[in-house]
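Dear colleague,

Please find below the structure for your review. My notes on the boundary between its domains follow.

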Amino acid sequence: MENFVYYNPVRILFGEGKIAEIGHYVPKGMKVMMTYGGGSIKKNGVYDQVMKALTGTDVVEFGGIEPNPHYETLMKAVETARREGVGFLLAVGGGSVIDGTKFIAAAVGYEGEDPWNIVAKGTPVKAAMPLAAVLTLPATGSEMNCGAVITRESTREKLAFHCPLVFPRFSVMDPTVTYSLPKRQLANGVVDTFVHVMEQYYTMTEHTEIQDRFSEGILRTLVAIGPRIISADTPDYQDRANFMWAATMGLNGLIAVGVVEDWATHQIGHELTAFHGLDHGVTLAIVLPGVMEATKEHRRRKLLQFGERVWGIDPTAADAAEQAIARTERFFNSLGVKTRLGDYGVGMETIERIERRFRDRGRYAVGGIDDVNVDNVKAILVSRL
Ligand code: NZQ
Ligand code: ZN
């Protein structure tokens, strides 16, 4: 196990009815800017619940944050926040709204020339407006982490930043708000959570017993409840609650402690979204089996452990590694997610653009372990055609 510092200050309000408690945690006397997406919260009653809970608070709204939130849109929100003298941000939505709001929080008082540098160059953020979240889509873990992924439409770049100042002050997680999610988004959320765990678990660090068993617990939970969530005609509260908590635990820093993380699948997946607008979860379902195949010798010990503990595959079987990869891909397919680039009309031209982009960035390894790098990224993607 590696040395580590673990810090997570996010207060979680979990369970049915918890939105009503927001008023106790929003700082008094501040103008609140409520941010949201394309309008799902107005159809499923979440907007009304939040507004009721904020009775007596001065609220400004900023809607229209799109999936894979655009820098261009977020800069308009920054202008609104400055003009209105906002002091607190409340994100109501999925990962895109929460990530976008983290960027707004960091950009609003940013003194550098161009806030895009926060993402593009990792320029340090010295101050951020406080924010909180009402989560409506379990997937990203953004409700309990300090990362955000922002897309710049004009240049088709999708990049992440991390900063402890943008941890939400609190996040509300009411499983009943997920009842209105379409199956496609539920499937995306299960896949995203699965792959978050893999990025931190399917790595090279040894002697991480606690982290490994936490990770395997999350993966097994997803394997058990994922298909039920997709196929159920009526949502089951307990399944939704477990899914929601699994997604948070998958990316709130807990399973990352003491390990060298990877994130190669995400790095490659972000490029597919940047060039083709594919859903984040879909890109991961396409790329992960290719990354596992390319790394199966180097990471063999962990792959066999994963196969045995998550899928019950005999590690002494000659094809145990291949079975583990195949079971993973079949799991994604069982959720209704197609896992080939060809299924989405993506071909060689994009693969070459992606390879070029990684080379131009000048970093050899694509993730945290250099068995996925600029020399094999093309082959990985070709194997997924
Ligand atoms: O915009 P609205 O109308 O709200 O509709 C959204 C959107 O169309 C809809 N939706 C959300 N909650 C709903 C709902 N529809 C009905 N009922 C509900 N309760 O779902 C659609 C997708 O929403 P989005 O927020 O884009 O999805 P997700 O939560 O998967 O977030 C994806 C973004 O998060 C980033 C991704 O790259 C992507 O940009 N990630 C953020 C991470 C982080 N902050 O740590 C890590 C992840 O790896 C990921 O990269
Ligand atoms: Zn993800």
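A salt bridge is taken here as a side-chain nitrogen of Lys or Arg within 4 Å of a carboxyl oxygen of Asp or Glu. By that criterion, the count between domain 1 and domain 2 is 0 salt bridges. The model is predicted, so local features need pLDDT of at least 70 and side-chain atom pairs count only at pLDDT 80 or more, while totals for chains, interfaces and linings use all residues. Residues are numbered from 1 along each chain as its sequence is written, chains are lettered from A and ligands numbered from 1 in the order in which they are written, and side-chain values use heavy atoms, with hydrogens and water left out.

The protein chain divides into domain 1 (11–177) and domain 2 (183–382), with bounds from an automatic or database domain assignment. Their centres, taken over C-alpha atoms, are 26 Å apart.

In contact (heavy atoms within 4.5 Å) are 25 residues of domain 1 and 22 residues of domain 2. The buried area, meaning the accessible area (1.4 Å probe) that two parts lose on being put together, summed over both, is about 2000 Å², and carbon and sulfur atoms give 64% of this. Pro-138, Arg-156 and Lys-158 supply 31% of the area that domain 1 buries against domain 2, more than any other three residues.

Polar contacts are pairs of N or O atoms within 3.5 Å; within protein, one must be able to donate a hydrogen and the other to accept it, and residues adjacent in sequence count only if both atoms are side-chain atoms. Between the two domains, 7 residue pairs are in polar contact, both residues at pLDDT 80 or more.

Kind regards
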